[in-house]
Amino acid sequence: MKTSISFLKSKYDRAEAIAKIMETDTDYIHVDMMDGIFVERSVLSISEVKDLLSNSKKLLDIHLMVAHPKNYINELAELNAKYITIHAEIQDDINELIDLIHSYGISAGIAINPESGVDSINDYLDNIEYVLIMGVDPGYGGQELKLESVKKIEELQSLREQYNYHYQISLDGGVNDKTRPLLNGLDIIVSGSYVCISDNYQEIINTLR
Ligand code: DX5
Ligand code: ZN
């Protein structure tokens, strides 16, 4: 299983947490961006992300918890991004945004909040490379995993098998040593506070894998 590490909640400041993640062998760095509209909190502006990560040698897994992702996509495409993920719950044209992400040669993801069913993204599944199941309500690190989210892993696996889709399945929020055994079906596991509040990031990443 691949790992993607979020520095949203850490005992170090952002730059230090990022430096510590860089020293590990994690596959991706998960970048949580919030606009104060789609979620009440506003975290990480485009320029802050560019300042922190423009030289990143690690691939980025950019999670846009924002109501209007277009400008974010255009601005962040210059970074070393593997995935840019938008939310299924936004009102903007999702197909257009997927095409925009693809136009930069970046893989497109859709995130679904705990209350959104897999059926809400049926129309996009054949055209995306990544599904991010939210294990918690977006906004904060360190929340408890909602168990209803776990069922979506199997649903997405069987749809992928049935229709020969090619997306990676990932879960974001509430991952720790207690919840990890429930998550064996994932391709990519996102973890924030469990890793970033620990003293040894690499050790925790090894246990997640
Ligand atoms: C929640 C973010 C998550 C969060 C995960 O709004 O999208 O990526 O940082 O943090 P943990 O792993 O602490 O739940
Ligand atoms: Zn996230």
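The model is predicted, so local features need pLDDT of at least 70 and side-chain atom pairs count only at pLDDT 80 or more, while totals for chains, interfaces and linings use all residues. Residues are numbered from 1 along each chain as its sequence is written, chains are lettered from A and ligands numbered from 1 in the order in which they are written, and side-chain values use heavy atoms, with hydrogens and water left out.

Select ligand 2, the zinc ion, together with His30 (NE2), Asp32 (OD), His63 (ND1) and Asp172 (OD), which are its protein donors at 2.0 to 2.3 Å; donors here are N, O and S atoms within 2.8 Å of the metal (3.2 Å for Na, K and Ca). Along the sequence these donor residues follow the spacing H-x1-D-x30-H-x108-D.

Next, colour strand S2 (residues 28-35), which holds His30, and strand S8 (residues 168-172), which holds Asp172, so that you can see how the pair ties together parts 142 residues apart in sequence; strands are DSSP runs (E, at least two residues) numbered from the N terminus. His30 and Asp172 are both buried, meaning under 20% relative accessible area (1.4 Å probe, protein chains only).

Now move to ligand 1, which 19 residues surround, the closest being Gly139, Gly142, Asp172, Gly192 and Ser193; a residue counts here if one of its heavy atoms lies within 4 Å.

Definitions and conventions: Helices (H or I, at least four residues) and strands (E, at least two) are DSSP runs, numbered from the N terminus. Buried means under 20% relative accessible area, exposed over 50%, partly exposed in between (1.4 Å probe, protein chains only).
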